[in-house]
Amino acid sequence: MNKLFTKSTFALVVLVVIWGVSWPIYKLSIVYAPPLLFSGMRALLGGSLIMLLMFKLRDRLQWRQHWRKYSISALFNTVLFFGLHTIGLHYLPGGLFSVLVYFQPVLLGLFAWMWLGETMTPIKVTGLLIGFIGIIVVSAEHFTAQLSILGVVFGVLTAFFWALGVVYVKKVSEEVDAYWMVAMQFTIGGVVLLVLGSMTESWSAIEWESMYLFGLGFGATMGIPVAYIIYYSLIRAGEASKIAVFTFLVPVISVFISTVFVGEPMTHTLWVGLLLVVLSICFVNYRKKEPVILLDTENEE
């Protein structure tokens, strides 16, 4: 096992806390705005903020050389992932939708094995499946009878395109600047979502309530710039499947936060699910110790 407390571990903790908080915030905010416009606004604002901070390092952008990579990443990670994710929340309860979306680490482990050459051992496969079962256990009590086939399709596609997008970013990570990748994928994707939203939704439907403004502001600062810079930096530095398994903690944290604010009791299923997710992380990050060979230092006769 690797050392427990490292800079990467701290960054992962910050990431899963931000994403865990994001679920209830976005769920409360989405009722005040059409989904595509809400997604586009926070993506464009988040991407623009990073562009502003990176302006002095604009030579690293290399737009003419990498515009295709930025556009492909924007398609998978913003237009399809953000768009389907936000729309899907309208069709399914949050618990069920989170289960479908967080099948992503399992898909990411598979795609990383297929296209990035990462190892896929029986222990790692077992760990990914245990983590997914943990998400099901955590979210089970939040299921309702309101099952929408369209919502299920949106959830599965959200997980699929998210995994595909992350693998693509990892694939080109040595060719493009990580910060500009985040900035451009959300700026380009945000513009596309706003155009689509303007064609299919109404700007007048937005209710500029304090909760909506808070959700928009949170997404444009912590939810996109901070979270995704951390996420892609970790993906670039390590194995995608090992980083992804930590995201199983996101729905767990989300349920914990919802429990605290809504006043729901801490159930046994929540603790069992958390235990399974932690066990999953241990499995995926397990490394078999190499046998230590002791050299005979005695003089040969």
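Let us start with Ser241, which counts as buried at 1% relative accessibility; here buried means under 20% relative accessible area, exposed means over 50%, and partly exposed is in between (1.4 Å probe, protein chains only). You will find Ser241 in helix α10 (residues 240-246). Its C-alpha atom is separated by 8.1 Å from that of Glu118, although Ser241 and Glu118 are 123 residues apart along the chain.

Before going on, here is how to read the model. This is a predicted model, in which local features need pLDDT of at least 70 and side-chain atom pairs count only at pLDDT 80 or more, while totals for chains, interfaces and linings use all residues. Residues are numbered from 1 along each chain as its sequence is written, and side-chain values use heavy atoms, with hydrogens and water left out.

Now take in the whole protein. It has 12 helices and 0 strands, where helices (H or I, at least four residues) and strands (E, at least two) are DSSP runs numbered from the N terminus. Written from the N terminus on, the elements therefore read α-α-α-α-α-α-α-α-α-α-α-α. Of the 301 residues of the protein, 52% count as buried.

How do the helices pack against each other? Begin with helix α1 (residues 7-29) and helix α9 (residues 210-237), which pack at an angle of about 150 degrees with their axes 9 Å apart. That makes α1 roughly antiparallel to α9. The axes are lines fitted to C-alpha atoms, for helices over the stretch in contact, and the angles run from 0 to 180 degrees between N-to-C directions. Angles under 35 degrees count as roughly parallel, over 145 as roughly antiparallel, 65 to 115 as roughly perpendicular, and the rest as oblique. In passing α9, α1 makes a left-handed crossing; a crossing is left-handed if the near helix is turned anticlockwise from the far one by less than a right angle, and right-handed if clockwise.

Next, look at helix α8 (residues 178-200), where Val192 has its place. Helix α2 (residues 35-53) packs with α8 at an angle of about 150 degrees, their axes being 7 Å apart. The helices α2 and α8 are therefore roughly antiparallel to each other, and their crossing is left-handed. Helix α8 also meets α3: the axes of these two come within 7 Å and cross at roughly 60 degrees. As a result, α3 and α8 are oblique to each other, and α3 passes α8 in a right-handed crossing.

Stay with α3 for a moment and find Phe81, which has its place in this helix. Is Phe81 buried or exposed? Phe81 is buried, with a relative accessible area of 6%. From C-alpha to C-alpha, Phe81 and Phe154 are 9.5 Å apart in space, and they are 73 residues apart in sequence.

Charged side chains come next. Side chains of opposite charge can pair when their charged atoms come close. A salt bridge is a side-chain nitrogen of Lys or Arg within 4 Å of a carboxyl oxygen of Asp or Glu, and a search of the whole structure finds 2 salt bridges.

One of them joins Asp177 to Arg60, with the closest N and O atoms 3.7 Å apart. Asp177 lies in the loop between α7 (149-171) and α8, and Arg60 in the loop between α2 and α3, so this pair ties together parts that are 117 residues apart in sequence. Asp177 is buried, at 15% relative accessible area, whereas Arg60 is partly exposed at 40%.

Lys69 and Glu175 also form a salt bridge, and here the closest N and O atoms are 3.3 Å apart. Because Lys69 lies in helix α3 and Glu175 in the loop between α7 and α8, the pair ties together parts that are 106 residues apart in sequence. Lys69 counts as buried at 18% relative accessibility, while Glu175 is partly exposed with a relative accessible area of 43%.

Most residues other than glycine have a negative phi. Gln62 has a positive phi of about 50 degrees although it is not a glycine. With a relative accessible area of 38%, Gln62 is partly exposed.
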